[in-house]
Amino acid sequence: MLDGPYGGSSVDLGLYESVFLIAGGSGVTFTLGLLDDIVGRCVKLGRSQGERTRRIEFTWCIRSIGISFLTTGVTSS
C-alpha cells in the first residue's frame, strides 16, 4: 500500500525525463493536479523553466469505468 504525499509535492517533476503518476480512486485529484502542472509547463509555456520531461505515464485504478465525464479515450486493462 502506498500513501501520500499530503498537501503538495516537494518534487519538481520537470527535472525528470520520465514521470510515472499512479492513483487509486479519489486520489486522482492530487495526481491530475500534478499532470496539469507538468503538461502546462512543458507544452503551454514552452519549457520556460528548463523542464526535461519527455514522457508521462498516468495510471488510475478504479472499480468501474462508469464515470461518464472521464470515459472518452480511456482504455481498460
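Predicted model: local features only at pLDDT ≥ 70, side-chain atom pairs only at ≥ 80, totals over all residues.
Residues are numbered from 1 along each chain as its sequence is written, and side-chain values use heavy atoms, with hydrogens and water left out.

**View 1. How confident is the predictor in this chain?** The score to know is pLDDT, the predictor's confidence in each residue, from 0 to 100. The chain has a mean pLDDT of 81, and 75% of its residues reach 70 or more. Confidence is highest in β1, at 93, and lowest in α1, at a mean of 89.

**View 2. Asp37 and Arg41 pair up within helix α1.** Side chains of opposite charge can pair when their charged atoms come close. A salt bridge here is a side-chain nitrogen of Lys or Arg within 4 Å of a carboxyl oxygen of Asp or Glu, and the structure holds five of them. In the bridge between Asp37 and Arg41, the closest N and O atoms are 3.1 Å apart. The two residues are four apart in helix α1 (residues 28-44), which means about one helical turn separates them. Are they buried (under 20% relative accessible area), exposed (over 50%) or partly exposed (in between), using a 1.4 Å probe and protein chains only? Asp37 is partly exposed at 39%, while Arg41 is buried at 11%.

**View 3. Arg41 also meets Glu51.** Here the salt bridge spans 2.9 Å from N to O. Because Glu51 lies in the loop between α1 and β2 (55-61) and Arg41 in helix α1, the pair ties together parts that are ten residues apart in sequence. Both Glu51 and Arg41 are buried. Follow the links and you will find a network of salt bridges that joins Asp12, Asp37, Arg41 and Glu51.

**View 4. Arg55 and Glu57 form another salt bridge.** Their closest N and O atoms are 2.9 Å apart. Arg55 is partly exposed, at 49% relative accessibility, and Glu57 is partly exposed as well, at 36%.

**View 5. Val11, Leu15 and Tyr16 make a nonpolar patch on the surface.** Patches are built from residues with over 30% relative accessible area and no salt bridge, joining like charges within 9 Å and nonpolar side chains (Val, Leu, Ile, Met, Phe, Trp, Tyr) within 5 Å. Together the three residues have about 290 Å² of accessible area, a value from the Shrake-Rupley method with a 1.4 Å probe, where for residues only the protein chains shown count as cover. Look for Tyr16 in the segment before β1 (18-24); it is partly exposed, at 43%.

**View 6. Which residues does Phe58 touch, leaving aside its neighbours within four places in sequence?** Phe58 sits in strand β2 and is partly exposed at 30%. Its contacts (heavy atoms within 4.5 Å) are Leu21, Val28, Thr31, Leu32 and Leu35. Phe58 and Leu32 are 26 residues apart along the chain, yet their C-alpha atoms are separated by 9.0 Å.

View 7. Cys42 is buried at 12%, whereas Cys61 is partly exposed at 46%.
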